[in-house]
Amino acid sequence: MTNLKPLLQVKNVKKFYTVQKFGEFKKGVVKAVNDVSFNLYEGETYGLVGESGCGKSTLGKTLLQLEEPNGGEAIYKEKNLFKLTKKELRESRRELQMVFQDPYSSLNPKINIGKALEEPLAIHSIGNAKERTEKAMEVLKNVGLQPEHYFRLPHELSGGQRQRIGLARALILNPKIVICDEPVSALDVIIQSQIINLMRKIQRDLNLTYLFISHDIGVVRHISDRIGVMYLGNLVEEAETDEMFENPLHPYTQVLLSAVPSAKIENKKERIVLNGELPSPLNPPSGCKFHERCPFATAECKKSEPFKKEVTQNHFVACHLYN
Amino acid sequence: MDSTNLLEVKNLKTSFHTEEGNVSAIDVSFRIKKGEILGIVGESGCGKSVTAQSILRLLDEKAVSYEGEVLLNDVNLLTLPKKKMQKIHGNEISMVFQDPLSSLNPAYTIGNQIIETIRAHKKVSKKDAIEKSIELLRLVGIPAPEARLDDYPHQLSGGMRQRVMIAMALACEPKLLIADEPTTALDVTIQAQIMELFIDINKKLDMSIMLITHDLGVVAEVCDRVIVMYLGQIIEEATVKELFKNPKHPYTKALIKSIPHLDGDRLKDLQVIDGTVPTLTNIPNGCRFSNRCEFATHHCKTKVPQLVDINNKTAKVRCWYAEETVSMEVN
């Protein structure tokens with residue numbers, strides 16, 4: 001995979017928020033995404049996992065500039081997305097689309113599904129009214145819905161159907177990359193599997209590239225080719241899916257994988273229960289941000305921040321244990 | 001009543017008064033044994049939360065009506081006067097909800113709230129109540145509990161808040177703790193901590209726990225016995241081991257197979273059943289699962305199956321073809 005040219009190159013992306021600390025004059029800085037780099041190759045699914053507050057959603061939004069980045073580059077088709085003019089940015093959005101967790105709050109309750117689907121086409125002035133309707137019907141079919149759904153309002157649809165609309169709306173512009181932010185988290189398990197199967201089918205048919213953001217490790221494992229693990233704004237480990245599950249290197253990844261409750265009775269793995277909780281991002285620990293909770297932490301970990309390095313082929317980890 | 005049973009629910013029917021007439025949300029019968037952790041699973045809208053809330057009569061009685069019996073020590077909770085019911089609530093049965101932030105009062109310290117709970121149920125001095133609160137917070141694994149008493153809910157993290165809720169629920173040493181999706185709002189590593197806590201208090205205090213969840217993984221890790229619900233009915237009941245090893249009902253099978261396992265073949269598509277759960281006003285004739293079941297016959301679509309004992313009464317299933325489908329593997 002390394003000899004391929006990446007479709008999207010994410011380099012040292014940073015997103016910081018300044019917040020007023022309670023009762024203090026000084027403003028605090030939350031490093032929501034801190035120096036994250038990875039590559040996205042054509043046709044693959046890159047899964048991004050981590051707990052709430054680790055910055056995975058912020059990263060997704062920053063790449064599409066729904067949040068203004070504070071630094072770094074996102075290189076797509078030899079252009080830095082962060083340095084585009086307004087017009088170019090709008091053009092680029094045709095090829096980079098996003099699917100959100102809650103499709104209900106991203107659909108206008110007063111506009112029928114068909115109109116909502118045609119809206120992106122109208123914004124990008126693609127086709128005439130008739131062609132747009134045809135396109136909307138086609139994309140409805142692609143996501144497993146019927147033409148009659150064109151005339152429905154969002155409240156008339158179930159959660160699973162709404163998420164299909166969310167997907168349809170992202171797909172209608174024929175994007176290259178779809179950033180999916182927790183697309184199945186609000187759904188029941190059977191509906192969730194229906195959507196995952198659908199997403200995989202669409203990916204095969206259209207040769208799409210997904211950046212799949214989720215806290216659900218089972219789901220991420222199922223859909224991703226490669227996985228990145230985030231902790232407090234940093235990408236701490238990255239590997240191909242099977243390698244990641246067979247041989248997790250970072251202590252945090254090991255904890256995260258073992259914490260997933262398994263719906264299997266036999267050969268239960270020993271669960272590593274972590275002490276303590278995610279530190280405040282306003283006041284992260286020095287050195288390696290995980291060292292306060294890490295069972296293997298040494299003096300070195302408290303002092304210096306580890307850098308991402310390749311331990312085995314395509315397996316990157318940011319941890320002092322692997323120096 | 002069998003002495004090993006703590007609570008017996010007999011033909012409990014809860015119906016909601018709606019514009020379209022009375023809609024029956026659940027119709028269930030089951031038992032909770034002493035000292036066990038019973039899991040109730042199902043998709044949203046299957047009636048698992050309504051079941052829990054009906055046991056404690058938490059639903060607005062102007063909008064719902066209860067039928068049947070909920071027996072605790074041979075007393076039917078459904079016919080008790082409100083005053084007596086309040087005594088049961090907390091002393092005998094207590095409940096933990098999904099979202100601890102909305103169940104805690106933001107304007108009071110957690111110490112205040114725990115002490116209030118203790119003193120509402122027991123005649124103890126304030127000093128004793130404070131000591132008891134510290135002891136409870138220590139029991140649920142909150143570090144430095146003395147210092148935490150003066151914290152407000154917003155100063156605690158999600159996991160800590162859930163621990164405080166559990167501490168409050170344990171205040172009067174109830175015999176049954178009902179936990180409604182207690183880990184759903186939490187991250188996996190915190191969820192693992194809370195699951196350990198449930199197992200721990202179940203052992204230490206010999207308390208029965210009724211754990212309502214949509215997550216089969218949590219059930220497999222924590223529970224002794226499981227009830228699977230679909231559209232307001234119990235469709236299968238078995239020990240955890242039996243349910244995961246040898247599920248009988250096609251719905252249970254589908255539910256288990258649809259989970260993306262950590263060691264399954266990830267290149268294959270996930271097993272799914274088509275369609276969605278019908279609404280309660282639109283229940284299929286015969287077996288309620290018949291319109292989505294791949295084995296459904298004409299018989300299933302016309303005749304209502306009962307929940308019957310199988311495997312020497314170790315399990316129950318509501319399916320006309322329970323014995324046959326065991327051999328028919330879904331592939």
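Me: Before we start, what are the ground rules for numbering and confidence?
Reply: Residues count from 1 along each chain as its sequence is written, while chains are lettered from A and ligands numbered from 1 in the order in which they are written. This is a predicted model, so local features need pLDDT of at least 70 and side-chain atom pairs count only at pLDDT 80 or more, whereas totals for chains, interfaces and linings use all residues.

Me: What radius of gyration does chain B have, and what would a compact globule have?
Reply: The radius is taken over C-alpha atoms, and the globule rule is 2.2 Å times the number of residues to the power 0.38. Because chain B has 331 residues, the rule gives a value near 20 Å, and the chain agrees with that at 21 Å.

Me: How much of chain B is buried?
Reply: A residue is buried if 20 or more other C-beta atoms (placed from the backbone) lie within 10 Å of its own, exposed if 12 or fewer, and partly exposed in between. Chain B holds 13 helices and twelve strands; these are DSSP runs numbered from the N terminus, helices being H or I with at least four residues and strands E with at least two. Of its 331 residues, the buried share is 44%.

Me: Which strand runs parallel to E6(B)?
Reply: E6 (residues 93–96) has Ile93(B) and Met95(B) pointing one way and Ser94(B) and Val96(B) the other, all buried. Val96(B) stands opposite Ala179(B). Four bridges make the parallel link to strand E7 (residues 176–180) of chain B.

Me: Which element gives chain A's largest share of the side that touches chain B?
Reply: Contact here is C-beta atoms, placed from the backbone, within 7 Å, and 34 residues of chain A are in contact with 38 of chain B. Helices H6 (189–206), H7 (217–223), H8 (241–246) and H9 (251–259) of chain A each give two or more residues to that side. The largest share, eight residues, comes from H6(A).

Me: What do the buried residues of H6(A) pack against?
Reply: The buried set in H6(A) includes Ile195(A), Ile196(A), Met199(A) and Ile202(A). Within chain A, their partners are helix H4 (129–142), helix H5 (159–171) and H7. From chain B comes helix H11 (250–257).

Me: Which residues have the most contacts inside the largest nonpolar core?
Reply: A nonpolar core is a set of buried Ala, Val, Leu, Ile, Met, Phe, Trp, Tyr and Cys residues joined through C-beta atoms within 7 Å. The largest one has 179 residues. The top residues are Leu211(A) and Met210(B).

Me: Is Ala144(B) buried or exposed?
Reply: Ala144(B) lies in the loop between helix H5 (126–139) and helix H6 (145–148) of chain B, and its phi is positive, near 45°, though it is not a glycine. Because it has 10 C-beta neighbours inside 10 Å, Ala144(B) counts as exposed.

Notes: Two strands pair if DSSP finds at least two bridges between them. Two residues are in contact if their C-beta atoms, placed from the backbone, lie within 7 Å.
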